Amino acid sequence: MTAAVRRGSRLPPAVWDALLPALLLLNVITTRAPHELPVATALTAALALPLLWRRRAPFTVFGAVAAAAFVQWLMDVQLPADIALLVALCTVAANTGRRGTLVAGAVVEAGVLLACLRWTTEGAFLTPFVAATAMTVAAAVLGVNVRTTRAYLAALEERAARLQQEQEQQARLAVAKERARITREMHDIVTHNLSVMVALTDAAVYAQHRLPDKATAAMLQISETGRQALTDMRRSLGVLRTDEPDAQRHPLPGIAQLEALADQMCAAGLPTRLDVHGGHAHIPATAQLTVYRLVQEALTNSLKHTPTGTRASVRI
């Protein structure tokens, strides 16, 4: 039974719209006497067949069904196809606003009153009238619930789409921010280390004949600076690869690495004195990296743009 319901839910709406008119026509054909069949069949068709278009033009279909029901009342013919009025009312309530629902409900209720006045036996007016009125209210309420649920689901879909769009936008902003951070990091690494390597190379060339020991030390320092630059670059770019272990083996530089930076600058020809006052263990790693890059950039500019013999002093 569950499988049958699941397969039935996959059928297109037009199949369900055609099911009720087919059943009503089949009922009138199989239950009416031959002399009543033409009129009953024509009235049933007039009541039921417009339901095929109820989703596309709900109010027009309701008007056609109500007109057919009024003709039926004038001809004094009772038919099970009057249920088409309730289906049309439900469709109007599901696809129009409150005003349309009230107008359609009033029309159906007027038809209920006329039908009960004509076809109920004497003294039995109240029970069928109340029952028919209850069915009319139920059809209208069902349609309103369908409209409300549809609007709620549409609002949920819109909200989900908006949240997805916001998440994608935040992801794009995060990617752009990370790219900018990596770009700044690479700029600081490349500029500083290349400046140091150029200064050490000049010193090695100058001292290669007069002071070969100092030239050798400068060349070794160039090699160490190059290796340090490669390490820094792998660490900075390691966030782009999940299998890159260098970011774990080489933590971000901080205040503790400033002493090594000062020694590197001294070897490059810029005597540097470093004074650090107070503890820095409690400072976050990102803040320490900012301090390190600021000092690195300042010393690099001093090395590049100041005359020989300049001394640098860093106080933190």
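**Close-up views of a predicted model**

The structure holds zero disulfides, a disulfide being a pair of cysteine sulfur atoms within 2.5 Å. This is a predicted model, in which local features need pLDDT of at least 70 and side-chain atom pairs count only at pLDDT 80 or more, whereas totals for chains, interfaces and linings use all residues. Residues are numbered from 1 along each chain as its sequence is written, and side-chain values use heavy atoms, with hydrogens and water left out.

**View 1. The two cysteines Cys116 and Cys266.** Cys116 is buried at a relative accessible area of 6%, while Cys266, at 35% relative accessibility, counts as partly exposed. Here buried means under 20% relative accessible area, exposed means over 50%, and partly exposed lies in between, with a 1.4 Å probe and protein chains only.

View 2. Helix α6 comprises the 22 residues 98–119; helices (H or I, at least four residues) and strands (E, at least two) are DSSP runs, numbered from the N terminus. At 1.5 Å a residue, with the expected span taken as 1.5 Å times one less than the number of residues, α6 should span 32 Å, which agrees with the 31 Å between its end C-alpha atoms. Within α6, Gly100, Thr101, Ala104, Gly105, Val108, Val112 and Cys116 are buried. These residues cover an arc of only 135 degrees around the axis, which puts them on the same side of α6, the arc being that of the directions from the helix axis to the C-beta atoms. What covers them includes α4 (58–74), α5 (83–95) and α7 (126–207), whereas the face turned away from the buried side carries the exposed residues Arg99, Leu102 and Leu117.

View 3. Thr272 stands opposite Ala312 in β2. From β1 the chain crosses through helix α11 (residues 285–305) to β2, and this β-α-β crossover is left-handed; a crossover is right-handed if, with the strands pointing away from the viewer, the path from the first strand over the helix to the second runs clockwise.

View 4. Arg315 is exposed, with a relative accessible area of 68%. Leaving aside neighbours within four places in sequence, Arg315 is in contact (heavy atoms within 4.5 Å) with Asp275 and His277. Arg315 and His277 are 38 residues apart in sequence and 7.8 Å apart in space, C-alpha to C-alpha.

Key
Pairing = 2+ DSSP bridges.
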